[in-house]
Amino acid sequence: MSTQTSFVTAPTELRGYASPGGYASPADLTLPAPSLRGAGDRVRTASSARDLRSEPGPIRFIIIVLAITFLTVFVVLPLVVVFASAFSKGVGAYFAALVEPEALSAIKLTLLVAAISVVLNLIFGVVAAWAIAKFEFRGKTFLITLIDLPFSVSPVISGLVFVLLFGAQGYFGTWLQANDIHILFAVPGIALATIFVTFPFVARSLIPLMQEQGTQEEEAAISLGASGLQTFFRVTLPNIKWGLLYGVLLCNARAMGEFGAVSVVSGHIRGETNTMPLLVEILYNEYQFVASFAIASLLAMLALITLVVKTVLEQRLDEVEIPGDHRSDH
């Protein structure tokens, strides 16, 4: 009988409390199971990490050397070549190529189209992520599939779709010509093509984050009398701000570097509808190598800045997710 008593009271003492009379109920005995399972998972994870680190030294050295070699050949060297070619005739020739009217026009158009794409995709991404993460409705899976569509469709094909819609022989071509509205070979067509290839980025950055956060905080705010807009700006938006910035960053980077879809709908009108990537191709084909690599180096610098900001935002997102994981464990 004494053996049975010590067996029952031990788990109660380990949890830091005692039931009346020193005995634990059967319900109490089942409470530690989830935490014990969680501890077992952590032990197995740590053990797996140690197993990965226990690879022989030569194997780890070969893997690291292969990774560094790959990055050097396919990432570092091309960037070095771009900047070396851009400054091959001196700093003066470099900046002279950037201030050419055609180059300035391409830079302005690229920034304009990127701004339009980011703003519209920001609005769409937040609305779509809010609907998918916070509500259940018919067609939800189909909506997610549509959001992912630009990832699986070639940008050239998306450009051709706009030609079929707004071209002279397209579905709306006759009406557009009759009303003197220009979509193709103009800024609206370039903006539409860019928006199409970039609109998944903001939504896809927010959906997993908002699903992980759940709806408890919003429901609490509404129960306390907050309106829908107050709940969004004071509860939801602060929780998703880093994910939102991350999606905007990726959207902006893709918008400035888009080539395929823009090439189809732009018409390559010099000084009017050429973005920076298109101008790089034109100048290179005309053997204006310094000017071509000068524009390319500008795009490369924007990409490097994007990479740095992306790394910072990823660290911020990790810091946001860790407290959420602790809340879910407890």
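1. Start with the salt bridge between Glu-102 and Arg-270, where the side chains come to 2.7 Å, N to O. A salt bridge here is a side-chain nitrogen of Lys or Arg within 4 Å of a carboxyl oxygen of Asp or Glu. Helices (H or I, at least four residues) and strands (E, at least two) are DSSP runs, numbered from the N terminus. Glu-102 counts as partly exposed at 22% relative accessibility, and Arg-270 is partly exposed too, at 39%. The cut-offs are: buried under 20% relative accessible area, exposed over 50%, partly exposed in between (1.4 Å probe, protein chains only).

2. Before going on, note that this is a predicted model, in which local features need pLDDT of at least 70 and side-chain atom pairs count only at pLDDT 80 or more, while totals for chains, interfaces and linings use all residues. Residues are numbered from 1 along each chain as its sequence is written, and side-chain values use heavy atoms, with hydrogens and water left out.

3. What else does Arg-270 touch? Leaving aside neighbours within four places in sequence, Arg-270 is in contact with Glu-102, Ile-282, Leu-283 and Glu-286; contact means heavy atoms within 4.5 Å. The C-alpha atoms of Arg-270 and Ala-103 are 9.6 Å apart, although 167 residues separate the two along the chain.

4. The salt-bridge count comes to six. One of them joins Arg-254 and Glu-258, with the closest N and O atoms 2.9 Å apart. Salt bridges with shared partners also join Glu-102, Arg-270 and Glu-286 into one network. In the Arg-254 pair, Arg-254 is partly exposed at 27%, while Glu-258 is buried at 4%. Another bridge runs from Glu-136 to Lys-140, at 3.2 Å between the closest N and O atoms. There, Glu-136 is exposed at 70% relative accessibility, but Lys-140 is buried at 13%. As background, side chains of opposite charge can pair when their charged atoms come close.

5. Now the overall picture. The chain has 16 helices and zero strands. Of its 330 residues, 33% are buried. Among contacts between residues at least 6 apart in sequence, 68% join residues at least 24 apart. The chain exposes about 20,100 Å², and carbon and sulfur atoms supply 69% of that. Accessible areas come from the Shrake-Rupley method with a 1.4 Å probe; for residues, only the protein chains shown count as cover.

6. Which residues touch the most other members of the largest nonpolar core? In this core of 22 residues, they are Ile-147, Leu-206, Ile-207 and Met-210. The elements giving two or more residues to this core are α6, α11 (200–213), α13 (228–257) and α16 (289–329). Helix α11 gives the largest share, seven residues. A second, separate core has 19 residues, including Val-82, Ala-97, Met-276 and Ala-296. A nonpolar core is a set of buried Ala, Val, Leu, Ile, Met, Phe, Trp, Tyr and Cys residues joined through side-chain atoms within 4.5 Å. Not counting residues up to four places away in sequence, Met-210 touches Ala-129, Trp-130, Ala-133, Lys-134, Thr-236 and Ile-240.

7. Helix α5 (residues 91–98) has Tyr-94, Ala-97 and Leu-98 buried. Seen down the axis of α5, its buried residues fall within an arc of 100°, so they line one face of the helix. That arc is taken from the directions from the helix axis to the C-beta atoms.

8. There is also a nonpolar patch on the surface: Phe-70, Leu-71, Val-73, Phe-74, Val-75, Val-76, Leu-77 and Val-80 together have about 730 Å² of accessible area. Patches are made of residues with over 30% relative accessible area and no salt bridge, with like charges joined within 9 Å and nonpolar side chains (Val, Leu, Ile, Met, Phe, Trp, Tyr) within 5 Å. Leu-71 is in helix α4 (residues 57–86) and is partly exposed at 47%.

9. Finally, two backbone angles to check by eye. Asp-180 is not a glycine, yet has a positive phi of about 55°. Phe-185 likewise has a positive phi, near 55°. Asp-180 lies in the loop between α9 (173–178) and α10 (187–198), and Phe-185 lies in the loop between α9 and α10. Asp-180 is exposed at 57% relative accessibility, whereas Phe-185 is partly exposed at 47%.
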